[in-house]
There are 2 protein chains.
Amino acid sequence: MAEIPERLVTKPSFLITQLAVHARRIVSDGFAEAGARGYHYRILAALDEFGPASQIDLGRRGGVDRSDVVAAVNELTAQGYVERTPDPDDRRRNVVSLTKAGARQLRRMDQVLDAVQDNLLAPLDSDERATLTALLTRLLAHSRDLPDGPQQ
Amino acid sequence: MAEIPERLVTKPSFLITQLAVHARRIVSDGFAEAGARGYHYRILAALDEFGPASQIDLGRRGGVDRSDVVAAVNELTAQGYVERTPDPDDRRRNVVSLTKAGARQLRRMDQVLDAVQDNLLAPLDSDERATLTALLTRLLAHSRDLPDGPQQ
DNA sequence: CTCTTTTCATTGGTCGCACCAACGTTGGCT
DNA sequence: AGCCAACGTTGGTGCGACCAATGAAAAGAG
């Protein structure tokens, strides 16, 4: 029982959004144990890979709206994972930088995510995983160079 | 510019959730023009394929929480797309059934979704689309028989 | 045939993500 | 000097996905 209508199950858009629900659930369960959420990871990752940045750049790199960056940076600051200082060269900006504790938190979150990938992709062998990743990457790239939506 | 951190772009969980954002956006843009949203489609689809049902069954089939079914059926009733009548055989239940206008609305929404699939999958040829669908279907099935989450 | 447990609809919340508009300050451009 | 664009911030919105609690009704246990 609980049969899912054909109409839904045959639509890639449905498969993707439903699988995303599952992915989001296990990711945020893991993150919650570390006292974090998705936006935090995106910001920490951007800081780690590109160095200190303004909030607007952090938002662009992680696909986070600038108003949401404000809230996330507030939270990360309160937890001691990032520091926010005024930019002396441009007083409209803040410079956000990663602390040592922030780098450790990022490593913790990376471990959570590694476990999540294994859980999520369990039924696939490594060739299939590569195929899936390649297909998704192409689709995501395509979606990004459409002016079809805000994409923030 | 706006380079995305490696950490994100290599994680299938990120690819899936981000692609889902895009899918959701174009779907709900299309549905909005028809005065509808995602839950409405799931309920109309379940009614069309399995016939009149109680609200709890509608929720199970479409993966919608029963409290959300209440709201969606309220809206669909107000629009004249479904009818809600008490079940004479079990007075705890309502029987929800599709009206003719509801069937027409479902057809409209199907057209929206067909266009969405083409948009979403534009970069893939038909073999690749089939491969993707098969992989996603397997992953979704796997996620469903885990007691790892509420799954509704 | 009671008593208890389960089921269903409904109400009224919560949370995360993805947005949007508006405002004040600051920088750049001319 | 004047104007426009950029940045941070506040304060919203909508959707999807949940959760807890309540009252009514059915089902099961004894």
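This is a predicted model: local features need pLDDT of at least 70, side-chain atom pairs count only at pLDDT 80 or more; totals for chains, interfaces and linings use all residues.

Me: Why are helix 3 and helix 5 of chain A called roughly perpendicular?

Reply: Start with the value: helix 3 (residues 38-50) and helix 5 (residues 66-78) of chain A pack at an angle of about 85 degrees, and their axes are 10 Å apart. Angles of 65 to 115 degrees count as roughly perpendicular, so helix 3 of chain A is roughly perpendicular to helix 5 of chain A.

Me: What makes up the contact between helix 3 and helix 5 of chain A?

Reply: From helix 3 of chain A you get A:Tyr39, A:His40, A:Ile43 and A:Leu44, and they meet A:Asp68, A:Val69, A:Ala72, A:Val73, A:Glu75 and A:Leu76 in helix 5 of chain A. Sorted by class, that contact has seven nonpolar, one polar and two charged residues.

Me: Now the DNA. Which residues come nearest to DNA strand C?

Reply: There are 27 residues around DNA strand C, and A:Arg37, A:Arg42, B:Arg25, B:Ile56 and B:Arg93 come nearest. To be counted as near, a residue needs a heavy atom within 4 Å of the strand. Of the atoms of DNA strand C that come within 4 Å of the protein, 65% are sugar and phosphate. The residues of this surface divide into five nonpolar, seven polar and 15 charged.

Me: How do you know that A:Ser67 has a polar contact with a base of DNA strand C?

Reply: Check the distance: an N or O atom in the side chain of A:Ser67 is 2.8 Å from a base nitrogen of DNA strand C.

Me: Which residues come nearest to DNA strand D?

Reply: Of the 26 residues around DNA strand D, those are A:Ile56, A:Arg66, A:Arg93, B:Arg37 and B:Arg42. For the atoms of DNA strand D within 4 Å of the protein, 68% belong to sugar or phosphate and the rest to bases. By class, this surface has five nonpolar, seven polar and 14 charged residues.

Me: What makes A:Ile56 count as a polar contact of DNA strand D?

Reply: Look at the backbone: a polar backbone atom of A:Ile56 is 2.7 Å from a phosphate oxygen of DNA strand D. With a cut-off of 3.5 Å, that pair therefore counts. B:Asp68 reaches a base instead, with a polar side-chain atom 3.1 Å from a base nitrogen of DNA strand D.

Me: Last one: how much area do chain B and chain A bury between them?

Reply: About 6100 Å², with 67% of it on carbon and sulfur atoms. The contact takes 62 residues from chain B and 62 residues from chain A. On the chain B side, B:Arg7, B:Leu19 and B:Leu139 lose the most area to chain A, together 11% of what that side buries.

Technical notes. Residues are numbered from 1 along each chain as its sequence is written. Chains are lettered from A and ligands numbered from 1 in the order in which they are written. Side-chain values use heavy atoms; hydrogens and water are left out. Axes are lines fitted to C-alpha atoms, for helices over the stretch in contact, and angles run from 0 to 180 degrees between N-to-C directions. Helices (H or I, at least four residues) and strands (E, at least two) are DSSP runs, numbered from the N terminus. Angles under 35 degrees count as roughly parallel, over 145 as roughly antiparallel, 65 to 115 as roughly perpendicular and the rest as oblique. Contact means heavy atoms within 4.5 Å. Ala, Val, Leu, Ile, Met, Phe, Trp, Tyr, Cys and Pro count as nonpolar, Asp, Glu, Lys and Arg as charged, and the others, Gly among them, as polar. A polar contact is a pair of N or O atoms within 3.5 Å; within protein, one must be able to donate a hydrogen and the other to accept it, and residues adjacent in sequence count only if both atoms are side-chain atoms. Buried area is the accessible area (1.4 Å probe) that two parts lose on being put together, summed over both.
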